[in-house]
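Welcome! Please take a moment with the sequence and the model below, and then we will walk through them together.

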Amino acid sequence: MKYALVRGGSRGIGRAVCIKLVSLDLHILINYKSNEKEALETLALIKQAGGSGELMQFDVSDPSQVESAINIWTEQHKDEYIEVLVNNAGIRKDVLLMWMEDDQWHDVMNTNLNGFFYLTRALLKNMLVKKYGRIINMVSLSGLKGLPGQVNYSAAKAAVIGATKALAQEIGKKNVTVNAVAPGFIKSDMTRDLNENELKSMIPLNRFGLPEEVAELVCFLASDKSSYITGEVISINGGLYS
Ligand code: NAP
């Protein structure tokens, strides 16, 4: 069996990615933080699509939880490894920098940036040993352009972009690729508080994107078909910014 781990697979873009990865014959490990009901719904949708999967609860911002979850899985799957990692989970805590509290800065860094580090480090060794792996990091237009009110989130996403480019150069020789996907406005719980009707006039394609549209791109990067692409940041934003 081939395995993919989707960090933050219970809702939104991560859920759509889980369902789409079924087409690559991967067994999907659905990571989530606390929303078991939604994670179970993702699992049901994976099965409905003809695939298989299981839940893997841990808080990606807590290194001890990441280590213990991956150690337990590795112990139970001695000759197997996770060949696709989608670092999707993210949070935003928007506020102008002058009003930003320490925890608003650190929470966003811990989930978006440190979570990338803890989980990627934990899975990378086996990818290198097996000489095959695909890592896809969900970043954001905010990390490319910078958005006011999101200094914490823009900094975290920009840092993951830098890490993607550096890591690609470390691991390319072992046939492990790492790329970043930078969405603009995508319909999900994260953007529920934004007014699409007001914002869509800024977007050349005149609408928010769908999680399924992002999942198509992630699935391509997770597949053999993307074999000569690494260290790239691919925007998916309806033409909003490039
Ligand atoms: P979402 O609907 O809010 O879902 C967030 C997911 O991340 C959930 O599965 C959640 O699990 C999980 N998660 C959050 N914190 C976690 C933690 N500490 N440990 C493990 N899992 C955690 O978000 P989304 O809109 O799909 O966004 C997905 C990614 O795309 C994020 O990285 C986001 O920054 C990026 N992005 C989104 C947009 C957009 O317009 N939506 C634009 C650009 C970039 P629970 O269900 O358990 O809470």
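Which residue in β4 is the bridge partner of Y3? Before we get there, a word on what you are looking at. This is a predicted model, in which local features need pLDDT of at least 70 and side-chain atom pairs count only at pLDDT 80 or more, while totals for chains, interfaces and linings use all residues. Residues are numbered from 1 along each chain as its sequence is written, and side-chain values use heavy atoms, with hydrogens and water left out.

Now to the partner: in β4, Y3 is bridged to I82. Y3 itself lies in strand β1 (residues 2–7), and β1 runs parallel to β4, with five bridges joining the two. Strands count as paired here if DSSP finds at least two bridges between them. Strands are DSSP runs of E with at least two residues, helices are runs of H or I with at least four, and both are numbered from the N terminus.

β4 (residues 82–87) also has a partner in strand β5 (residues 133–138). These two pair in the parallel sense too, over four bridges, and N87 stands opposite N137 in β5. All of β4 is covered: six of its six residues are buried, so the strand is largely enclosed by the rest of the structure. Buried means under 20% relative accessible area, exposed means over 50%, and partly exposed is in between, using a 1.4 Å probe and protein chains only.

Y3 is in β1 and W73 is in helix α3 (residues 63–76), so the pair ties together parts that are 70 residues apart in sequence. Both residues are buried, Y3 at 4% relative accessibility and W73 at 6%. Elsewhere, the rings of F117 and Y118 have centres 5.7 Å apart and planes at 50 degrees, so this pair is tilted. F117 is partly exposed at 40%, whereas Y118 is buried at 15%. The whole structure holds three aromatic pairs. The rule takes rings of Phe, Tyr and Trp (its six-membered ring) with centres within 6.5 Å; planes under 30 degrees apart are stacked, over 60 edge-to-face and the rest tilted.

What about the cysteines? A disulfide is a covalent bond between the sulfur atoms of two cysteines. The test for one is a pair of cysteine sulfur atoms within 2.5 Å, and the count comes to zero. The sulfur of C18 has its closest cysteine sulfur in C219, but they are 12 Å apart, too far for a bond. C18 is buried at 0% relative accessibility, and C219 is buried at 6%.

Finally, step back to see the whole protein. There are eight helices and seven strands. The C-alpha atoms fill a box of roughly 50 × 35 × 35 Å along the principal axes. Of the 242 residues, 47% count as buried. Among contacts (heavy atoms within 4.5 Å) between residues at least 6 apart in sequence, 72% join residues at least 24 apart.
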